[in-house]
Amino acid sequence: MAHAPLGIEVLKRGIVFIDLATAQVVGLAVILLDLWLHKPSWIVKQGAAFAAGIAIALFFRWIERKAPDEQEAVIGSSFIVAASAALLALANDPHGGEALRHVLSGQILFASWHDIAVFLPIYGLFAGLWLAAPSLRTGTGFFVLFALVVTASMQLVGVYLVFASLILPALAARAGKGYIHWRAFASGALAVVAGILVSIASDLPAGPLLVVCFAISAAATRLLFRNVQNGF
């Protein structure tokens, strides 16, 4: 549930599309690497993915410092450019549609325990630093931690689900001018459980279905607690 606190921080900063842009840039790096090297080693692939994620995060941090009024425009433009570059790169690839679908919507039900275990240290590192060093939640530290988590998550669940799992639970947690964190965790957990169960029962693709479940769960949470004061 590393996404819940990150999503709340993203909303506080007003940079909603940073998750889409970061995930899409990482996806583009993975696509290009697969095209250029053809089945690159796991170490090379992860090195390229995390390098791309941290590089774009540091770029966004630089924009935040130099041109904060243009930050959201630059982030949105980065997403569009990276998405368009991915389409161009895969235009003549016979398996391009499948590769793009994997980047966008992921294959969460087919992720093995080994796949999950590989990225667990990243989430563990994030949790430890987030709790033990609150100063890292600001400035460059936030952007680097954000990039690490998004890079890992994008490879497991895809761009769309990364965005949904960051932003929608955070919206569910909004109460007045503040955020109630447990609501984000509860809304996100409910969406994941419901989405996976419905996907298995209906044989519908898990990624898009989970996005819909995150939206329904967030809306239901906001309606349920619409009259409750911030301190609840």
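Let's start with H1. This helix is mostly covered, with nine of its eleven residues buried. Buried means under 20% relative accessible area; exposed is over 50%, and partly exposed lies in between, using a 1.4 Å probe and protein chains only. Helices here are DSSP runs of H or I, at least four residues, numbered from the N terminus.

A word on the source. This is a predicted model: local features need pLDDT of at least 70, side-chain atom pairs count only at pLDDT 80 or more, and totals for chains, interfaces and linings use all residues. Residues are numbered from 1 along each chain as its sequence is written, and side-chain values use heavy atoms, with hydrogens and water left out.

Which residues of H1 are buried? They are His3, Ala4, Pro5, Leu6, Gly7, Ile8, Glu9, Val10 and Leu11. Just after H1, Gly14 has a positive phi of about 70°.

Now the partner. H1 spans residues 3-13, and H8 spans residues 159-172. Their axes come within 8 Å and cross at roughly 70°. That makes H1 roughly perpendicular to H8 (65 to 115 degrees). The axes are lines fitted to C-alpha atoms over the stretch in contact, and angles run from 0 to 180 degrees between N-to-C directions.

Who meets whom? From H1 come His3, Leu6, Gly7, Ile8, Val10 and Leu11. From H8 come Val162, Ser165, Leu166, Ile167, Ala170 and Leu171. Contact means heavy atoms within 4.5 Å. The residues of this contact divide into nine nonpolar, three polar and no charged. Nonpolar covers Ala, Val, Leu, Ile, Met, Phe, Trp, Tyr, Cys and Pro; charged covers Asp, Glu, Lys and Arg; the others, Gly among them, are polar.

Notes
Helices (H or I, at least four residues) and strands (E, at least two) are DSSP runs, numbered from the N terminus. Angles under 35 degrees count as roughly parallel, over 145 as roughly antiparallel, 65 to 115 as roughly perpendicular and the rest as oblique.
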